[in-house]
Amino acid sequence: MKKIAIIDFGGQYTHLIARRIRNLAVYSEIFHPEEFEVTNEIVGIIFSGGPQSVNADDAYRININVEKIEIPILGICYGHQILASMLGGIIESGENKEYGFTTISCEPDSVLFAGLESKQSVWMSHGDHVSTLPETCRITASSASIKVASFESLDQKFFGVQFHPEVTHTTNGLKMLDKFISVCTEKRDWNPQNFKDTLIQQIRDEARGRKLVLLLSGGVDSLVALELCIKAVGNENVFSIHVDTGFMRKNESSTIMDHYKKLGFKNIKIINAEELYLHELKGVVEPEAKRLIIGKLFVDIANEELNRLEEKEVLMLVQGTIYPDTIESGSTDKAAKIKTHHNRVSEIEKLIEAGRIIEPIKELYKDEVRKLGEELGLPHKLVHRHPFPGPGLAIRVICSDIDFPTDDYLIDNDKLNEILAEFGLAGKILPIKSVGVQGDFRTYHHPAVVWFKDGIKPNWKVLKTAASKTINKVQSVNRIVFCNQPIDLKLEKLYLEKPVIDKLREVDAILRAETDHISEIWQMPVVSLPLFHNEKQAFVMRPVCSTDAMTASVFEMDFAEFERLSKLIQKIDGVGNLLYDVTTKPPGTIEWE
Ligand code: XMP
């Protein structure tokens with residue numbers, strides 16, 4: 001298949017470049033610079049960004065002879081610098097660092113900027129810059145602080161951009177990438193739907209008459225993998241195992257099973273492991289401890305089940321691994337390093353060694369898996385379900401084994417209120433902690449609940465600005481939740497017990513039913529807190545907009561609608577206030593634990 005090769009120099013946006021190219025209907029694949037070889041299928045090459053300096057001794061290089069190569073190359077950021085340097089240009093470090101939005105003036109008669117306005121808003125993030133170009137190239141864009149914001153070779157084969165066309169902040173970035181693709185190929189035929197028959201044939205070839213077994217989580221990836229297997233080798237040759245941990249959402253397991261039963265697919269074994277999970281998690285409150293127990297138990301159950309299968313000596317195991325799981329980007333590690341998949345249990349490891357694993361969708365991104373799922377005839381509702389974490393509702397119940405916190409958590413409460421007052425808000429730091437992310441680090445700090453003062457009309461712009469300012473200035477706070485009234489929440493003991501999970505399941509089901517039609521919501525965790533007001537428990541809804549979970553913005557629900565939802569969940573016995581998480585990612589992760 002014709003493809004554009006993305007060379008990963010360790011930039012954080014490498015996957016984004018690859019996805020953009022695929023969205024422009026050309027297949028793309030990521031390669032490590034030291035493992036890359038030009039093949040006949042490659043019609044274009046893009047050098048990604050990266051954290052290093054081209055002038056450093058240990059900087060990544062790539063073995064391409066630019067004097068001989070016929071394939072067009074586009075360099076982005078670090079890639080722009082290394083390409084310029086390979087062509088004979090000079091790279092300087094220092095003074096002219098630029099981060100964020102920048103305006104460039106570009107040459108409209110150049111390939112990448114043809115047809116665009118001469119001033120373009122772009123996203124820069126660099127320390128070094130190209131100070132001198134070789135005679136074979138010309139400058140095609142400059143910014144106030146750097147001369148060579150972009151260049152092209154006189155034969156229009158090589159292109160460099162100091163900025164990032166792949167991020168949405170570069171207004172016309174997609175058009176620029178589109179122009180580069182036009183130089184590489186006239187044929188645009190990539191779409192995951194067309195891939196369907198190839199994948200089905202591949203499974204058939206790999207299976208060679210053996211039976212297939214698949215661990216079905218119920219997520220879209222494993223559903224699509226299962227559907228491909230059924231189409232490839234027929235119902236009777238596919239087994240699947242679904243472990244119901246008891247932490248699934250309401251009707252989740254049964255919805256999936258009903259769908260497959262309707263299709264006539266009967267070989268699904270559901271293992272009801274709820275009691276076992278609850279037993280192992282009794283009294284455990286630490287998020288990391290919960291995760292470890294849940295992961296290990298899954299491994300044990302899956303191992304046992306695989307061992308029990310009669311054909312275990314000959315079967316092939318199918319996994320729903322997708323492309324980002326196999327290529328770890330954004331690090332200076334080897335790009336092709338395979339991440340350990342959470343269901344790589346010891347039995348599975350043995351199968352991998354024996355070449356008995358099939359990963360049919362390992363070349364696809366999530367949005368492509370969804371398109372393929374639709375092409376396969378899976379119901380829209382199943383294919384577009386929100387992502388759901390492996391440990392399920394267990395990590396959406398914030399547990400506590402104390403009910404009398406010391407007052408330390410309130411140390412910044414005055415400072416919090418000083419900032420909030422500027423916005424007509426008041427609030428209180430909460431005696432629990434949640435996970436956040438700042439830069440490359442995870443944080444584990446307190447959420448704060450905020451409300452508009454008497455007589456002030458709720459307003460999203462004000463709320464968002466206040467939330468971001470508070471988190472930046474108050475060190476012990478990493479998350480802000482909104483309440484539609486002043487509230488004083490008390491900490492109580494709360495453990496992962498069946499009534500607690502059932503209550504969360506109910507609240508989640510109501511909120512999901514009421515918001516399912518909102519397509520802008522990419523995911524919406526509902527979180528159970530060990531916090532009570534008048535003996536009624538508080539819950540949080542966290543509707544976010546995202547494309548890949550790397551970053552997320554807050555879905556801005558109408559305040560009257562939020563009020564309606566708050567009242568709706570209070571019909572459940574023991575359920576009190578609904579809080580609305582208004583924290584972007586970063587600084588708040590999507591999940592709380
Ligand atoms: P965060 O919370 O880091 O989550 O913003 C990003 C995405 O990953 C999902 N997530 C998980 N998925 N096992 C999973 O399979 C996990 O332990 C896990 N933790 C978070 C999360 O739901 C979001 O889509």
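This is a predicted model: local features need pLDDT of at least 70, side-chain atom pairs count only at pLDDT 80 or more; totals for chains, interfaces and linings use all residues.
**The ligand site**

Start with who sits around the ligand: R291, P389, G390, P391, R442, W522, Q523, A549, K585, T589, I590 and E591. Sorted by class, that shell comes out as 5 nonpolar, 3 polar and 4 charged residues.

| Residue | Protein atom | Distance to a ligand oxygen atom |
|---|---|---|
| R291 | polar side-chain atom | 3.0 Å |
| K585 | side-chain N or O atom | 2.7 Å |
| I590 | backbone N or O atom | 2.8 Å |

So how much of the ligand does the protein bury? On its own the ligand exposes 500 Å², and 72% of that is buried by the protein.

**Helix α11**

Now for α11, which covers residues 366-375. Its buried residues are E368, V369, R370, L372 and G373. Residues three or four places apart on an α-helix point the same way, because there are 3.6 residues a turn. Among the buried positions, E368 and L372 are both on the list, and so are V369 and G373.

What do the buried residues of α11 pack against? Their partners are α1 (14-23), α4 (196-207), α5 (220-233) and α12 (380-383). Just past the end of α11 comes G377, with a positive phi of about 90°.

Technical notes
Residues are numbered from 1 along each chain as its sequence is written. Side-chain values use heavy atoms; hydrogens and water are left out. A residue is near a molecule or strand if one of its heavy atoms lies within 4 Å of it. A polar contact is a pair of N or O atoms within 3.5 Å; within protein, one must be able to donate a hydrogen and the other to accept it, and residues adjacent in sequence count only if both atoms are side-chain atoms. Accessible areas come from the Shrake-Rupley method with a 1.4 Å probe; for residues, only the protein chains shown count as cover. Ala, Val, Leu, Ile, Met, Phe, Trp, Tyr, Cys and Pro count as nonpolar, Asp, Glu, Lys and Arg as charged, and the others, Gly among them, as polar. Buried means under 20% relative accessible area, exposed over 50%, partly exposed in between (1.4 Å probe, protein chains only). Helices (H or I, at least four residues) and strands (E, at least two) are DSSP runs, numbered from the N terminus. Contact means heavy atoms within 4.5 Å.
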